[in-house]
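I opened my notebook for a look through this one. Here is what I looked up, in the order I got to it.

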Amino acid sequence: MGLDDLNHNFITGNLENVVKWARKNSVWPATFGLACCAIEMMATGAANFDISRFGMEVFRASPRQADLMIVAGRVSQKMAPVLRQVYDQMMEPKWVISMGVCASSGGMFNNYAIVQGVDQVVPVDVYAPGYPPGPETLLHAIITLHEKIAAGELTRRQPILLGGAR
């Protein structure tokens with residue numbers, strides 16, 4: 001009877017599953033609150049919704065301490081290079097949640113001053129729809145991201161192309 005016949009547990013499980021479990025349970029967010037969605041993002045950290053159950057209660061001010069960027073709100077053309085610089089300073093592996101219709105597609109601001117989708121600046125892993133999305137929607141996006149990390153889907157990220165994020 002070899003090891004292949006045993007059920008995997010913590011001791012006999014492979015290293016990849018342990019790494020995915022550790023990544024899923026240690027996501028630290030860096031905030032990028034730009035508009036009204038930032039208020040809803042702050043409410044998610046409050047006692048009623050309590051993202052501390054995911055170990056995410058402290059939003060990191062330094063990009064070098066964070067591995068999740070939550071882009072909450074519209075991104076102006078002047079803010080896009082700053083957002084990209086913060087993203088580039090984050091350590092790998094890193095993930096992005098686009099929170100709100102303004103971050104995801106420019107929303108009602110269809111003009112030259114607003115980026116029509118943050119995915120033109122950074123690669124987005126999960127979209128949280130709404131105007132503004134409530135704390136429940138952000139929690140759903142966080143849980144979706146955790147499921148993708150645990151499944152290993154995000155380790156096969158597409159290369160960044162010139163002129164766009166993906």
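The entries below go from the overall layout to single residues.

**Entry 1: ground rules.** I am working with a predicted model, where local features need pLDDT of at least 70 and side-chain atom pairs count only at pLDDT 80 or more, while totals for chains, interfaces and linings use all residues. Numbering starts from 1 along each chain as its sequence is written, and side-chain values use heavy atoms, with hydrogens and water left out.

**Entry 2: layout.** I counted five helices and four strands. I take both as DSSP runs numbered from the N terminus, helices being H or I with at least four residues and strands E with at least two. Along the sequence they come in the pattern α-β-α-β-α-β-α-β-α.

I then looked up burial, with buried meaning under 20% relative accessible area, exposed over 50% and partly exposed in between (1.4 Å probe, protein chains only). Of the 166 residues, 38% are buried. The accessible surface is about 9,400 Å², and carbon and sulfur atoms hold 57% of that; the areas come from the Shrake-Rupley method with a 1.4 Å probe, and for residues only the protein chains shown count as cover.

For contacts I use heavy atoms within 4.5 Å. Among contacts with a separation of 6 or more, 76% join residues 24 or more positions apart.

**Entry 3: helix 2.** Which residues of helix 2 are buried? In this helix, residues 37–44, I found Cys37, Ala38, Met41 and Thr44. They fall within an arc of 105° when I look down the axis, so they line one face of the helix. The arc is that of the directions from the helix axis to the C-beta atoms. Their packing partners are strand 1, strand 2, strand 3 and helix 5. On the face turned away from the buried side I noted Ile39 and Met42, both exposed.

**Entry 4: helix 3.** Next I turned to residues 80–89, where Ala80, Leu83, Val86 and Tyr87 are buried. Down the axis of helix 3 these fall within an arc of 125°, so they too line one face. A reminder to myself: an α-helix has 3.6 residues a turn, so residues three or four places apart point the same way. The cover over the buried residues of helix 3 includes strand 1 (29–33), strand 2 (68–72) and strand 3 (95–99).

Entry 5: I picked Phe32 in strand 1, which counts as buried at 10% relative accessibility. Leaving out residues up to four places away in sequence, Phe32 touches Met69, Ile70, Val71, Ala72, Met79, Val82, Leu83 and Val86. Phe32 and Leu83 are 51 residues apart in sequence, yet their C-alpha atoms are 7.8 Å apart.

My other pick was Trp95 in strand 3, buried at 4% relative accessibility. Its C-alpha lies 8.6 Å from that of Ile70, 25 residues away along the chain.

**Entry 6: charges.** How many salt bridges are there? I found two, taking a salt bridge as a side-chain nitrogen of Lys or Arg within 4 Å of a carboxyl oxygen of Asp or Glu.

- Asp88 pairs with Arg84, with the closest N and O atoms 3.1 Å apart. They are four residues apart in helix 3, which means about one helical turn between them. Asp88 is partly exposed at 45%, and Arg84 is partly exposed at 21%.
- Glu92 pairs with Lys94, with the closest N and O atoms 3.9 Å apart. Glu92 is exposed at 59%, whereas Lys94 is buried at 7%.

**Entry 7: rings.** I found zero aromatic pairs, where rings of Phe, Tyr and Trp (its six-membered ring) pair if their centres lie within 6.5 Å. Charges over rings did turn up, the test being NZ of Lys or CZ of Arg within 6 Å of the ring centre and within 35 degrees of the ring normal. Lys94 lies over the face of Tyr87, 4.2 Å from the ring centre. The charged end of Arg74 sits over the ring of Phe109, 4.9 Å from its centre.

**Entry 8: cis bonds.** Most peptide bonds are trans. The one from Glu92 to Pro93 is cis, with omega near -10°, and Pro93 lies in the loop between helix 3 and strand 3. The bond from Tyr131 to Pro132 is also cis, with omega near -25°. I located Pro132 in the loop between strand 4 (126–128) and helix 5 (135–151).

Conventions: Rings of Phe, Tyr and Trp (its six-membered ring) pair if their centres lie within 6.5 Å; planes under 30 degrees apart count as stacked, over 60 as edge-to-face and the rest as tilted.
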